[in-house]
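Start with the structure below.

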Amino acid sequence: MPKESSHRVVVIVDENSNPFELGCATEVFGLRRPEIGRDLYEFTLCSPAPRTLMRDGFFTLTGVAGLEAADTADTLIVPNRPDVEVPRRPAVLDAVRRAHARGARLVGFCSGAFTLAEAGVLDGRRATAHWQWADSFRARFPSVRLEPDVLFVDDGDILTAAGSAAALDLGLHLVRRDHGAEVANSVSRRLVFAAHRDGGQRQFVERPVPDLPDESLAPVLAWAQERLDAPLTVAGLAARAAVSPATLHRRFRAQLGTTPLAWLTGERLTLARRLIERGECRMELVARHSGLGTAANLRALMRRETGVTPSAYRRRFGPGADPA
């Protein structure tokens, strides 16, 4: 197998940490990837204590590295736990601050946003947390720009995920950001988990059951995904769904948390990225086959979405790219 990636992911596990999010981090960043032909990350668990009692005493974690391992992380995943009102250990908060100061990427799953906020690294920054704790988070950390309706927030060097399962959404997003859509899709297939989960956590907030629940958008979404190279329009999607454009907009907002046009553009960009990763270097063809029209439009949307041009994206993720 080729040499492992030099990008080191370190997870801090502290007293009463949630096992599920720890498992998500291990699944996404810690497993070997023979189906890809290389390992994507170096992965380390660390703890401020030799023995760490996990949530509700389910089990005790031993034999992991000490907290000093956090000082070597390129990506540091901070502790999360259900008792959000209990302060984190000062040593853990200091480790988070040191990592942030030297430019490491910080990740908080679920209540991990509380850890980041306590460390002071989220002041003035965007973040999300589980909808159940949104009011508590706002009251304690008013300087953080909380976005409670999304599955995760990517604010550059600090990323946060909402509920427990959103750890997988954010983990796959990081793989996609680091290694491209094709590799992220391979990891998602192994997880048997959607590479892109539509919508946000507003879907899961407790609310009264409506008298007439909205019909599912799944059929029209599947229909559109098979025709991304066609001149699809919002009016055309609405006609396929046998509703008015206004009704389609309401259903997209309610079920996916976005607009029909934004969803369509996102799907086309994902297809364009996969075509580039597979070796297509003619940007006019990529634009045409993904439904983005022209190479100029592709370049503008790719730069907005990924921060790089299609050519730079191909050098990083296309055939022959350096795995590191």
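## A polar contact at Arg-105

The side chains of Arg-105 and Thr-75 are joined by a polar contact of 3.0 Å. The model is predicted, and this distance is computed from it.

Is Arg-105 buried or exposed? Its relative accessibility is 8%. That is under the 20% cut-off, so Arg-105 counts as buried.

## Surroundings of Arg-105

Arg-105 lies in strand S7, which covers residues 105–109. Beyond its neighbours within four places in sequence, Arg-105 is in contact with several residues, among them His-7, Asp-74, Thr-75 and Leu-76. Gly-156, Asp-157 and Leu-159 are also on the contact list, as are Leu-174, Arg-177 and Asp-178.

## The sheet

Where does S7 sit in the strand order? The sheet is open, has 7 strands and runs S5-S2-S1-S6-S7-S11-S10. Its pairing is mixed. Strands S5 (65–66) and S10 (152–154) are the edges, and each pairs on one side only.

## S11 and its partners

S7 pairs with S11 in the parallel sense, over 4 bridges. Here Phe-109 stands opposite Ala-161 in S11.

S11 spans residues 158–161 and pairs with S10 in the antiparallel sense, over 3 bridges. Val-153 faces Thr-160 of S11. The hairpin of S10 and S11 has 3 residues between the strands. In that hairpin, Gly-156 takes a positive phi near 85 degrees; Gly-156 is also one of the contacts of Arg-105.

S11 is covered on both faces. Ile-158 and Thr-160 are buried on one side, Leu-159 and Ala-161 on the other.

Conventions
Residues numbered from 1 in each chain as written. Predicted model: local features only at pLDDT ≥ 70, side-chain atom pairs only at ≥ 80, totals over all residues. Heavy atoms only, no water. Helix = DSSP H or I, 4+ residues; strand = E, 2+ residues; numbered from the N terminus. Buried < 20%, exposed > 50% of the residue type's maximum accessible area, 1.4 Å probe, protein only. Polar contact = N/O pair within 3.5 Å; in protein donor to acceptor, adjacent residues only side chain to side chain. Contact = heavy atoms within 4.5 Å. Pairing = 2+ DSSP bridges.
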